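Keep the model open as you read.

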Amino acid sequence: MRGSSAPPADGPAVSSGGSAGGSGGGIRLGGWRPKRPGRLIARVLAGLVAVLLVLTVVGYFMINSRLERIDALGDYEGRPADGPGTNWLLVGSDSRAGLTAAQRKKLATGKAVGRRTDTMMLLHIPDGDGRPTLVSLPRDSYVPIDGHGSGKLNAAYSLGDNGPKLLARTVEKVTGVRIDHYMEIGFAGFVGIVDAIGGVEIDVKQAIKDPKAGINLKKGRQVLDGGTALGYVRTRATGAVPDFERTQRQRQFFSAVVKKAASPGVLLNPFRSVPLAFSAADSVSVGEETGAFDLLSLGLAMGDNPVTTAVPIGSLPTINGQSVVKWDREKALRLFDALAEDKPVPKDVLSK
């Protein structure tokens, strides 16, 4: 036909848009055209995003299902009203569960059975863009405990059939702050989480040698592994009032470990983030209303340079043969009222 020609039998097919060297044509080798690199990269990225989403969803349900949930919070007559912000009661117990005899010896935890509260902190996360506030609650605080008169705050955990519930109710009643989430961790879980993130850097303010806590630390900045960190937050070998310095170390360490756990170096490293996620899920007990996303929110909030303080202290009397801590009632009320109202804590009630 006119205008048509047959290409050589063994030659390339030239498109009808022009010659092989023309600006309007292109060469097809056997009908194949090279794909655009940009389109290929976009498809690969889309595939990776899809895989990551699937892994994230699967990982969430796996981690969420591994969390141990306990009945720690509940309504009762006179419970503080729900206010703005989110409040966590963070409890460290001295439970040896999960530790072998060799580990107990190495970590100098002793052989005590059962569990008691070793650390108690109240964390307030504001609704806005303000800084979270982390408040240490001295375990020897002398407070009223429902149905048991007055006694040390940590005693509430070991009284009755449901220690966590009685402890949470006691904290709510003496602070006027409604607790939204409860989280508890024992010795074994503490060590596992610290080791999962590769240890944590702490500025040790003074040399500490304490065989009872299994530590011999020099002064200065250093990375502590799980076992050493446990001894660091437990020791009572420093200070004129050891428990006060102990609560300072606990706040310092908790802030440092959660900040590192929420850092890009851990979250974006699957060799760190995955073991951390499963270690955390297996190590903590949480209230029935708390899930994996709540724990993630906790970690992200703690990475936001929280204000750290302790309940203002009024006196250190001896009652019924026991040394106890009495709060400065006026300052303590101002502290907790600020948290309940989601307002900044007055500077004059903050302690170091």
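Contact here means heavy atoms within 4.5 Å. Residues 24 or more positions apart account for 67% of the protein chain's contacts with a separation of 6 or more. The model is predicted: local features need pLDDT of at least 70, side-chain atom pairs count only at pLDDT 80 or more, and totals for chains, interfaces and linings use all residues. Residues are numbered from 1 along each chain as its sequence is written, and side-chain values use heavy atoms, with hydrogens and water left out.

The protein chain has 11 helices and 19 strands. Both are DSSP runs numbered from the N terminus: helices are H or I with at least four residues, strands are E with at least two. Of the 352 residues, 41% count as buried. Buried means under 20% relative accessible area, with a 1.4 Å probe and protein chains only.

Start with the sheet. Seven strands form an open sheet of mixed pairing, in the order S3-S14-S9-S4-S5-S6-S15. Two strands pair if DSSP finds at least two bridges between them. The edges are S3 (68–70) and S15 (307–310), each pairing on one side only. From one strand to the next, the twist averages 25°; axes are lines fitted to C-alpha atoms, and angles run from 0 to 180 degrees between N-to-C directions.

Now move to S5 (residues 117–125). All nine of its nine residues are buried, so S5 is largely enclosed by the rest of the structure. On one side, S5 pairs antiparallel with S4 (residues 86–93) over eight bridges. S6 (residues 133–136) also runs antiparallel to S5, joined by four bridges. Leu123 ties into both pairings: Trp88 is its bridge partner, and Leu134 in S6 stands opposite.

Beyond its neighbours within four places in sequence, Phe253 contacts Phe190, Val194, Val200, Ile202, Ala229 and Val233.

Helix H6 (residues 226–234) is mostly covered, with eight of its nine residues buried. Among them are Ala229, Tyr232 and Val233.

On a 1 Å grid over the protein atoms alone, a cavity is a set of points where a 1.4 Å probe fits but cannot get out; a pocket is an open set with protein on both sides within 12 Å along at least five of seven lines; lining residues have an atom within 4 Å of a point. Grid points are joined across faces, edges and corners, and a volume is the space filled by probe spheres set on the points.

The second largest pocket has a volume of about 450 Å³. Of its 21 lining residues, Asp203, Lys205, Tyr232, Gln248 and Gln252 lie nearest its centre. H7 gives the most to this lining, seven residues.

The whole structure has two cavities of 30 Å³ or more. Asp118, Leu137, Arg139, Thr247 and Gln250 are the closest to its centre among 11 lining residues. H7 again provides the largest share of the lining, four residues.

Note on methods
Buried < 20%, exposed > 50% of the residue type's maximum accessible area, 1.4 Å probe, protein only.
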